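Colleague: I would like to go through the terms used for this model and see what each one rests on. Please show the structure before we start.

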Amino acid sequence: MARLSPRQRAWRGRLETALRIVSPALDLVVGTAERVGRTGASAERWIVRRAPLRGRATHPTDRKSA
(Lines give C-alpha, C1' and ligand atoms only; values in the text may rest on other atoms or scores of the structure.)
Protein backbone atom coordinates (compact mmCIF):
# COMPACT_ATOMS: atom_id res chain seq x y z
CA MET A 1 0.00 0.00 0.00
CA ALA A 2 1.32 3.44 -0.88
CA ARG A 3 2.16 5.91 1.85
CA LEU A 4 -0.44 8.56 2.56
CA SER A 5 0.39 12.20 2.03
CA PRO A 6 0.05 14.58 4.99
CA ARG A 7 -3.15 15.95 3.46
CA GLN A 8 -4.61 12.45 3.11
CA ARG A 9 -3.66 11.61 6.70
CA ALA A 10 -5.38 14.78 7.90
CA TRP A 11 -8.60 13.91 6.05
CA ARG A 12 -8.44 10.33 7.31
CA GLY A 13 -8.11 11.59 10.88
CA ARG A 14 -11.05 13.97 10.45
CA LEU A 15 -13.22 11.23 9.03
CA GLU A 16 -12.34 8.77 11.79
CA THR A 17 -13.05 11.41 14.43
CA ALA A 18 -16.43 12.21 12.88
CA LEU A 19 -17.33 8.52 12.82
CA ARG A 20 -16.37 8.12 16.48
CA ILE A 21 -18.63 11.04 17.39
CA VAL A 22 -21.60 9.89 15.30
CA SER A 23 -21.35 6.15 16.06
CA PRO A 24 -23.59 6.21 19.20
CA ALA A 25 -26.37 7.85 17.20
CA LEU A 26 -25.96 5.31 14.40
CA ASP A 27 -26.13 2.50 16.97
CA LEU A 28 -29.45 3.89 18.20
CA VAL A 29 -30.84 4.01 14.66
CA VAL A 30 -29.82 0.42 13.97
CA GLY A 31 -31.18 -0.79 17.32
CA THR A 32 -34.49 0.98 16.79
CA ALA A 33 -34.85 -0.45 13.29
CA GLU A 34 -34.16 -3.93 14.64
CA ARG A 35 -36.85 -3.61 17.31
CA VAL A 36 -39.39 -2.24 14.83
CA GLY A 37 -38.64 -5.15 12.53
CA ARG A 38 -39.20 -7.66 15.31
CA THR A 39 -42.45 -5.99 16.36
CA GLY A 40 -43.74 -6.07 12.80
CA ALA A 41 -42.81 -9.72 12.40
CA SER A 42 -44.57 -10.71 15.61
CA ALA A 43 -47.69 -8.76 14.63
CA GLU A 44 -47.90 -10.70 11.36
CA ARG A 45 -48.36 -13.93 13.29
CA TRP A 46 -51.68 -12.69 14.65
CA ILE A 47 -53.11 -11.73 11.28
CA VAL A 48 -55.49 -14.44 10.12
CA ARG A 49 -55.88 -14.80 6.40
CA ARG A 50 -58.79 -16.93 5.29
CA ALA A 51 -58.66 -18.43 1.85
CA PRO A 52 -61.97 -19.06 0.08
CA LEU A 53 -63.16 -22.66 0.32
CA ARG A 54 -62.61 -24.76 -2.77
CA GLY A 55 -65.59 -25.05 -5.06
CA ARG A 56 -67.60 -22.35 -3.32
CA ALA A 57 -68.03 -18.87 -4.65
CA THR A 58 -67.58 -16.26 -1.96
CA HIS A 59 -68.85 -13.40 -4.07
CA PRO A 60 -71.35 -13.33 -6.96
CA THR A 61 -68.62 -12.27 -9.39
CA ASP A 62 -66.49 -15.28 -8.39
CA ARG A 63 -68.95 -17.74 -9.93
CA LYS A 64 -67.91 -19.40 -13.14
CA SER A 65 -70.25 -19.03 -16.07
CA ALA A 66 -71.84 -22.33 -17.07
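Modeller: A helix here is a DSSP run of H or I with at least four residues, numbered from the N terminus. The model is a predicted one.

Colleague: What makes Arg38 and Glu34 a salt bridge?

Modeller: The cut-off is a side-chain nitrogen of Lys or Arg within 4 Å of a carboxyl oxygen of Asp or Glu. Between Arg38 and Glu34 the N to O distance is 2.6 Å, so the pair meets the definition. The two residues are four apart in helix α1, which means a separation of about one helical turn.

Colleague: Why is Arg38 called exposed, and why is Glu34 called partly exposed?

Modeller: Exposed means over 50% relative accessible area, and partly exposed lies between that and the 20% limit for buried. Arg38 has 55% and therefore counts as exposed. Glu34 has 43%, so the term is partly exposed.

Colleague: How many salt bridges does a search of the whole structure find?

Modeller: Three. Among them is the pair Arg12 and Glu16, with 3.3 Å from N to O. Glu16 also forms a salt bridge with Arg20, where the closest N and O atoms are 3.9 Å apart.

Colleague: Which terms apply to the accessibility of Arg12, Glu16 and Arg20?

Modeller: Arg12, at 46%, is partly exposed, and Glu16, at 34%, is partly exposed too. Arg20 has 59% and is therefore exposed.

Colleague: What makes Ile21, Val22 and Leu26 a nonpolar surface patch?

Modeller: A patch needs residues with over 30% relative accessible area and no salt bridge, and nonpolar side chains are joined within 5 Å. Ile21, Val22 and Leu26 make such a patch, of about 280 Å².

Colleague: What share of the 66 residues in the protein chain is buried?

Modeller: Buried residues make up 0%; the term requires under 20% relative accessible area. The accessible surface of the chain is about 7,100 Å², and 58% of that belongs to carbon and sulfur atoms.

Definitions and conventions: Residues numbered from 1 in each chain as written. Predicted model: local features only at pLDDT ≥ 70, side-chain atom pairs only at ≥ 80, totals over all residues. Heavy atoms only, no water. Patch = residues over 30% accessible without salt bridge, like charges linked within 9 Å, V, L, I, M, F, W, Y side chains within 5 Å. Areas by Shrake-Rupley, 256 points an atom, 1.4 Å probe, with all protein chains shown as cover. Buried < 20%, exposed > 50% of the residue type's maximum accessible area, 1.4 Å probe, protein only.
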